[in-house]
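Me: I'm new to this one. Can you walk me through it in short steps?

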Amino acid sequence: MTVILDATAIHKSYGTLHVLRGVDLRVVRGECHCIIGPSGSGKSTLLRCLNLLEPIQDGRILFEGRDIAAATRREAPGIRERIGMVFQNFELFQHLSALDNVALAPVRVRGEAKARARERAAALLAKVHLPDKLDSFPDELSGGQQQRVAIARALAMDPALMLYDEPTSALDPETVGEVLQVMQELAEEGMTSIVVTHEMGFARRAADHVVFMDEGKVVHAAPPEEFFAPDTPLPDRLARFLGRIAH
Amino acid sequence: MDSPELILRYLSSERFLYAAWMTLAISLCSLAGGMAAGLVVALLQEARLAALRWVAILYLWLFRGTPVLFQLIFVFNVLPGFGIVLSGFGCAVLALSLNEGAYMAEIMRSGIRAVGFGQRQAARALGMRESQVMRWVVLPQAMRIIVPPIGNQFIGMLKLSALVSVIAVEELLLVANQAAAANFRYLEALSAAGIYYLGLTTIFMALQALLESALRRRGRKPQGTFLQRFLGATAEAGRVR
Ligand SMILES: Nc1ncnc2c1ncn2[C@@H]1O[C@H](COP(=O)(O)OP(=O)(O)OP(=O)(O)O)[C@@H](O)[C@H]1O
Ligand SMILES: [Mg+2]
């Protein structure tokens with residue numbers, strides 16, 4: 001069992017707003033962790049802290065055995081290469097085709113040869129079931145297709161860990177399934193991932209751990225069978241949250 | 001001397017050539033100054049500090065709210081009283097730059113805003129350094145947005161520069177006027193100036209259309225024929241100030 005990510009006692013504040021109040025998260029290689037929680041509980045902030053898009057005020061983030069919380073500004077990009085991130089609003093580069101969106105970072109960041117990067121990009125787009133959209137531009141793709149391009153773009157850097165921040169929240173209901181499908185396939189192939197989501201079905205099917213966050217803390221974490229078992233006593237706030245999203 | 005011959009003589013005369021060069025130089029310098037001023041104003045408008053945003057608003061209010069002719073004459077006649085003595089050329093470029101900045105600010109702002117925080121963050125998440133984010137994600141998209149309107153501004157500027165004849169800068173209109181005043185052959189002198197203006201605007205419209213085609217995303221069909229796009233450039237140029 002290789003621990004890929006071991007975050008302990010993470011504290012993050014924006015000015016006087018104390019957003020993360022001592023979060024612990026341990027992710028073993030190949031695991032999929034689903035994070036759920038009410039709006040404003042700090043889920044997105046946690047993901048941004050984990051790949052150093054935001055500095056933390058206190059705590060330790062061991063990633064592949066190294067404490068990255070102390071990384072300098074110059075070291076941070078090299079670490080982010082190893083952590084893929086997928087956003088709620090896709091954030092594809094609008095001036096590039098699907099293929100070039102995927103190939104850009106390998107070429108410009110890793111200095112990969114263009115031909116090879118494009119070949120790999122095509123293979124990744126096939127993997128996310130978009131083999132016929134290589135030359136399409138973002139504005140010619142549906143939300144679900146754009147999000148799958150975004151997943152391929154993140155995979156292109158061969159990350160050891162994938163972070164998804166509500167990847168299906170901005171999608172039409174018809175296209176949610178195709179994105180979750182791709183994410184589940186990746187998880188089953190052993191891609192380590194942390195997924196912030198409100199899709200309880202996905203958490204049940206694909207997660208190894210379900211984590212409930214509230215007010216900047218992990219309130220409850222358990223494997224899905226236990227987490228969703230009807231007779232386990234749950235913390236009040238979690239019971240109310242689950243009740244709310246069930247309706 | 002008949003008209004065509006005199007027009008030809010004016011066209012090839014050193015005075016007219018020099019005047020055309022002045023027109024071009026004033027336009028280019030003012031456009032560059034206007035872009036710099038516009039970028040500063042755009043950044044001020046986006047600033048966090050309210051006081052800075054107010055400075056930008058004050059600037060826009062002043063320079064959009066008064067005629068550019070007034071601004072030229074003001075710079076030429078009032079600044080020397082404060083010990084700032086500039087050549088006619090210097091006054092022309094200063095006034096036109098400041099005026100242009102008030103319009104360029106909007107263009108720069110649209111370019112800066114075109115690439116949202118989300119895309120920049122996505123690029124960072126892929127391991128790009130700030131300079132790479134700028135080079136490969138922000139600039140290509142910003143350029144595509146600001147080049148067409150900047151081209152229009154430049155063509156407008158070529159025409160606007162005729163105003164500086166009032167502060168005795170030897171550009172095309174002043175030289176044509178002086179030549180005509182000597183022999184009352186207005187048709188010939190103004191035709192020569194008009195031909196130079198058309199020549200300059202045509203060259204730059206063509207350059208603009210070419211640049212736009214080059215910047216247009218690969219694989220996309222351009223809208224309209226080359227000629228339509230070429231003339232389209234004139235439609236928005238030369239906004240009345
Ligand atoms: N850049 C920022 N500057 C200041 N405050 C921020 C910033 N980003 C987030 N916050 C604040 O931090 C808190 C947590 O935000 P976060 O986006 O992490 O919540 P979340 O759990 O992802 O919520 P949601 O489900 O709505 O996405 C919120 O109160 C938010 O207003
Ligand atoms: Mg969020």
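Me: Fine. What should I know before reading any numbers?

Reply: This is a predicted model, where local features need pLDDT of at least 70, side-chain atom pairs count only at pLDDT 80 or more, and totals for chains, interfaces and linings use all residues. Residues are numbered from 1 along each chain as its sequence is written, chains are lettered from A and ligands numbered from 1 in the order in which they are written, and side-chain values use heavy atoms, with hydrogens and water left out.

Me: Ligand first. Which residues come nearest to ligand 1?

Reply: A:Ser39, A:Gly40, A:Lys43, A:Ser44 and A:Thr45 do, out of 13 residues around ligand 1. A residue is near if one of its heavy atoms lies within 4 Å.

Me: And how far is the side chain of A:Ser39 from an oxygen atom of ligand 1?

Reply: An N or O atom of that A:Ser39 side chain sits 2.6 Å from a ligand 1 oxygen. For A:Lys43, a polar side-chain atom is 2.8 Å from an oxygen of ligand 1. The side chain of A:Glu166 has an N or O atom 3.2 Å from a ligand oxygen. A polar contact is a pair of N or O atoms within 3.5 Å; within protein, one must be able to donate a hydrogen and the other to accept it, and residues adjacent in sequence count only if both atoms are side-chain atoms.

Me: How much of ligand 1 does the protein cover?

Reply: The protein covers 61% of the 640 Å² of accessible area that ligand 1 has on its own. Areas use the Shrake-Rupley method with a 1.4 Å probe; for residues, only the protein chains shown count as cover.

Me: Which elements give two or more residues to that shell?

Reply: Strand 2 (17-28) and helix 1 (43-50) of chain A. Helix 1 of chain A has the largest share, four residues. Helices (H or I, at least four residues) and strands (E, at least two) are DSSP runs, numbered from the N terminus.

Me: What kinds of residues are in the shell?

Reply: Four nonpolar, six polar and three charged.

Me: Switching to chain B. How many helices and strands does it have?

Reply: Chain B has 10 helices and zero strands. Of its 241 residues, 45% are buried. Buried means under 20% relative accessible area, exposed over 50%, and partly exposed in between (1.4 Å probe, protein chains only).

Me: Take helix 1 of chain B. Which of its residues are buried?

Reply: In that helix, residues 3-12, they are B:Leu6, B:Ile7, B:Tyr10 and B:Leu11. They fall within an arc of 140° seen down the axis of helix 1 of chain B, so they line one face. The arc is that of the directions from the helix axis to the C-beta atoms.

Me: Why would residues some places apart point the same way?

Reply: An α-helix has 3.6 residues a turn, so residues three or four places apart point the same way.

Me: What is exposed on the other side of helix 1 of chain B?

Reply: B:Pro4, B:Leu8 and B:Ser12 are.

Me: Last one. Where is A:Leu25?

Reply: A:Leu25 is in strand 2 of chain A and is buried, at 6% relative accessible area. A:Leu25 and A:Val218 are 193 residues apart in sequence, and their C-alpha atoms are 8.5 Å apart.

Terms used: Ala, Val, Leu, Ile, Met, Phe, Trp, Tyr, Cys and Pro count as nonpolar, Asp, Glu, Lys and Arg as charged, and the others, Gly among them, as polar.
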